[in-house]
Amino acid sequence: LLTQASVLTVTSRPRRTAPVIRGKWIMEQILCTAPPPPPPNVEGFPENITTTSVRQRLEQHRANPNCASCHNLMDPLGLALEQFDGIGTFRTMDAGQAVDASGRLPDGRSFNGAKELAAMLKSDPGTSRCFTERTFVY
């Protein structure tokens, strides 16, 4: 499910991936956990920057403690899908750099890429509960 083109496309921006949106989608749709709303007057980073990877821009964003509290939850989940571009095509480079799809969950568990994250989500009891709830809602 995580690597289906439909999911990857709907959780991306028109010209780039969107790990924050992807991470939020995983939290809400797979784990049934909603992140807190962003503080007022929060701006996303500019769309036209191509000299740094999305991961690097998110690291700069998380340097702000007001942003880090939520982004430390969402970003690692979304960054696990960075090997897939905005329409789900596998890729190895972002802004001229090798894609880094590794991450660490708030509980300390590490993963590298969508396959390892999916295995962690599969073993999480909240995932099956959430999936059942989403199925009944559907």
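Student: Does Arg62 count as buried or exposed?
Tutor: This is a predicted model, in which local features need pLDDT of at least 70 and side-chain atom pairs count only at pLDDT 80 or more, while totals for chains, interfaces and linings use all residues. Residues are numbered from 1 along each chain as its sequence is written, and side-chain values use heavy atoms, with hydrogens and water left out. Buried means under 20% relative accessible area, exposed over 50% and partly exposed in between, with a 1.4 Å probe and protein chains only. Because its relative accessibility is 19%, Arg62 counts as buried.

Student: Which residues is Arg62 in contact with, leaving aside neighbours within four places in sequence?
Tutor: Arg62 belongs to helix 3, residues 54-62, where helices (H or I, at least four residues) and strands (E, at least two) are DSSP runs numbered from the N terminus. Taking contact as heavy atoms within 4.5 Å, and with those neighbours set aside, the partners of Arg62 are Ala68, His71, Asn72, Asp75 and Leu79.

Student: Within what arc do the buried residues of helix 3 fall, seen down its axis?
Tutor: The buried residues of helix 3 are Val54, Arg55, Arg57, Leu58, His61 and Arg62. They line one face of the helix, because the directions from the helix axis to their C-beta atoms fall within an arc of 160°.

Student: What covers the buried residues of helix 3?
Tutor: The cover of these residues draws on both helices and strands. It includes helix 2, helix 4, strand 1 (93-94) and strand 3 (102-104).

Student: Which exposed residues does helix 5 carry on the face turned away from its buried side?
Tutor: In helix 5, residues 114-123, the buried residues are Ala114, Leu117, Met120 and Leu121. Seen down the axis, they fall within an arc of 125°, so they line one face of helix 5. What covers them includes helix 2 (19-30), helix 4 (65-79), strand 4 (110-112) and helix 6 (125-137). The face turned away carries the exposed residues Lys115, Lys122 and Ser123.
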